[in-house]
Amino acid sequence: MPELKLPFIGHGGDYNPDQWLDRPDILEEDIRLMKLAGCNLMSVGIFAWSALEPEEGHFTFDWLADTLDRLHGAGISVFLATPSGARPAWMSRRYPEVLRVREDGGRNLHGGRHNHCFTSPAYRAFVGRINRALAERFGRHPAVVGWHISNEYSGECHCELCQQAFRRFLKARYGTLDALNHAWWTGFWSKRYTDWDQLHSPSAIGETSIHGLNLAWKRFVTHQTVDFIRAEIAPLRELTPDLPVTTNLMEMFGGLDYRAVADALDFASFDSYPKWGHGDGEQTALGAAFNYDWMRALKQRPFALMESTPSQVNWHDVCKLKKPGMHMLSSLQAVAHGADTVQYFQWRKSRGAAEKFHGAVVDHAGHEHTRTFRDVQAVGALLPKLKDVLGAMPDSKAAILFDAENRWALADCQGPRRDMRHDGTVLAHYRALKRRGIDLDIIDQTRDLDRYRLVAAPMLYLLRPGVAERLSAFVAGGGTLVCTCPTGRVDADDLCFLGGFPGPLRQLLGIWIEETDALWDDERNGLRTRDGKTYACDALCDLIHTEGAQTLATYTDDFYAGRACVTVNRFGKGRAYYIATCPDADYLDDFYRMLVSELCITPVVSNLPTGVQATRRGDIAFVMNFAGAPVEVALPEGTDLLNGEKTGGPATLPVNGFRIIRIRTKREDKQYA
Ligand code: GLA
Ligand code: ZN
């Protein structure tokens with residue numbers, strides 16, 4: 001598979017000259033401004049179908065040829081897009097099967113974007129034809145360095161073609177209706193299926209009560225989307241085998257299993273729109289970092305920051321401007337976590353329609369004399385100095401499990417709380433680990449664990465096949481595992497494990513979970529550690545029996561006061577912890593401080609102040625202040641990459657300040673000795 005290998009850190013954004021074809025002056029001016037802003041990489045052709053094929057079979061590619069030539073002439077490279085994210089109206093009118101059908105059975109009208117059926121042979125044929133034509137004409141254009149497939153794949157279609165494909169998918173998975181009926185527990189409420197044709201996607205006006213069906217449908221939506229993606233890519237691979245392929249992925253998106261999507265791509269790319277300036281800066285920065293650690297770990301390779309806004313979005317409830325310094329800091333944060341590009345949505349503000357007030361490098365004013373343009377220019381001037389991070393990765397010794405199938409099952413779970421708080425819990429564990437100043441990977445249940453010393457698996461409710469065995473082998477070999485309530489409840493078909501929770505993890509964790517209490521939103525219990533410290537906990541409280549595990553903390557309240565709520569079990573050469581409730585941030589901070597130090601996981605920076613993040617790529621460290629106030633921080637020993645000063649010891653980072661440091665290597669250490 002070809003890799004993304006840029007000779008520079010990419011800088012640029014979505015560029016839509018097709019909206020300005022009647023303004024050659026603007027198209028010329030774009031090039032001048034791109035050079036002025038230090039841009040070297042544009043994504044071209046996203047949503048451009050009606051400009052590329054205004055009538056069926058009539059291709060008008062000359063404007064794109066001119067655009068690529070113009071960009072190339074200015075030394076600017078291109079991610080060339082396939083246009084499948086939105087269709088021209090003629091297609092929907094003549095071939096209505098391309099339009100999505102909703103779960104209520106009604107077919108959508110033409111409109112919006114992403115409004116197509118992934119199964120429709122007609123749609124696949126149109127996409128295949130235009131992709132082939134684009135690859136034939138532009139696949140060897142010297143400006144083109146990669147393919148940007150479609151845009152933010154999402155959504156589902158319930159049409160008859162999709163129902164048939166779903167049934168084929170189910171037959172391949174289950175083989176027989178008996179197996180399916182058993183896996184979905186269809187004896188409940190008289191749901192037994194006796195003919196494959198009776199099977200239908202879940203729908204609010206039909207079936208939603210079979211959890212196995214709901215889960216199978218989610219898997220199918222991923223399967224069918226990935227099948228469509230592969231079909232999109234096929235002509236590109238055939239004609240341009242050396243060009244890497246990506247599609248842009250979204251923040252915390254749960255509609256698709258991104259693990260499976262990433263397998264179809266050569267590199268991951270990501271659209272990042274954190275709510276800078278809304279409330280707690282640390283929390284916003286953590287959310288962004290989590291997504292970056294996820295994107296990088298998807299392929300265990302650097303990713304592209306395909307979109308971000310240089311100023312504000314137009315779709316948050318309140319769209320704050322980036323305060324001075326935030327554009328630089330937020331762009332560097334992506335690079336610090338593994339991005340090899342900093343790109344924007346969008347280069348130039350569109351004049352009309354839905355996104356006319358979305359931030360862009362070039363404002364409606366049309367010139368470079370804006371705060372936003374100067375912010376972008378500053379990033380463009382700095383990125384070439386970071387060239388040494390290209391391709392470099394952190395050496396993460398800790399990982400958090402974040403798994404699409406587990407999320408789907410927990411979201412569908414009825415009881416013991418309506419909101420099981422999966423994502424919030426994962427982020428709470430992420431925060432506690434990130435505050436330790438260590439590098440982290442976000443991985444799903446299918447990934448190899450060998451490289452890690454510590455794996456946190458918050459709310460590992462659903463166990464995919466083989467996961468219990470792999471976690472057990474990881475701990476037996478010396479790894480440390482942290483599980484939390486509710487763990488080990490259901491198998492991959494959402495059937496409960498029999499014989500006591502946490503099912504196949506019972507021996508590994510050395511506990512039996514007999515019952516689980518749910519707490520009201522304003523209700524708290526407490527946990528008391530063996531040295532007498534107490535902390536609050538909420539949401540869920542497992543009542544457990546230890547079966548070999550040691551008790552580290554007990555509940556303080558309710559009829560189960562005094563019973564174990566945090567345990568550790570020695571297993572082979574490693575240890576498996578169980579946190580039976582949702583403890584407050586102070587507990588998680590203390591818990592992971594102890595673990596990270598015991599496991600000798602070296603932080604990039606020790607004793608990080610709240611709101612400061614530190615990461616490492618190769619031998620380059622990034623220290624970034626999101627606290628919203630100046631902070632003092634102990635910098636790693638090395639050389640400041642930007643000003644050449646020696647670093648080590650305390651330094652003050654101003655608001656939105658950062659330092660980028662080439663860490664002193666062992667070889668240099670010898671010279672110092
Ligand atoms: C997404 C899309 C873009 C644009 C931006 C606006 O990321 O990919 O086309 O709509 O959102 O923030
Ligand atoms: Zn369909």
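This text goes through a predicted model, from its domains to its ligand and then to one of its sheets.

The chain is divided into three parts: domain 1 covers 10–161 + 200–389, domain 2 covers 398–598, and domain 3 covers 612–663. Between the C-alpha centres of domain 2 and domain 3 there are 33 Å.

For Glu355, a polar side-chain atom lies 2.3 Å from an oxygen atom of ligand 1. In the case of His358, an N or O atom of the side chain is 2.7 Å from a ligand oxygen. With Asn151, the distance between a side-chain N or O atom and an oxygen of ligand 1 is 2.8 Å. Ligand 1 taken alone exposes 310 Å², and 96% of that is buried by the protein.

The last stop is a sheet. Five strands form this open sheet, and their order across it is E21-E22-E25-E23-E24, with antiparallel pairing. At the edges are strand E21 (612–617) and strand E24 (646–653), each of which pairs on one side only. Neighbouring strands of the sheet are turned against each other by 25 degrees on average, if direction is ignored.

One pair can be followed down to its residues. Strand E21 runs antiparallel to strand E22 (residues 620–625), and six bridges join the two. Within this pairing, Gln613 has Met624 of E22 as its bridge partner.

Key:
Residues numbered from 1 in each chain as written. Chains lettered and ligands numbered in written order. Predicted model: local features only at pLDDT ≥ 70, side-chain atom pairs only at ≥ 80, totals over all residues. Heavy atoms only, no water. Polar contact = N/O pair within 3.5 Å; in protein donor to acceptor, adjacent residues only side chain to side chain. Areas by Shrake-Rupley, 256 points an atom, 1.4 Å probe, with all protein chains shown as cover. Domains from an automatic or database assignment. Pairing = 2+ DSSP bridges. Helix = DSSP H or I, 4+ residues; strand = E, 2+ residues; numbered from the N terminus. Axes fitted to C-alpha atoms, helices over the stretch in contact; angles between N-to-C directions.
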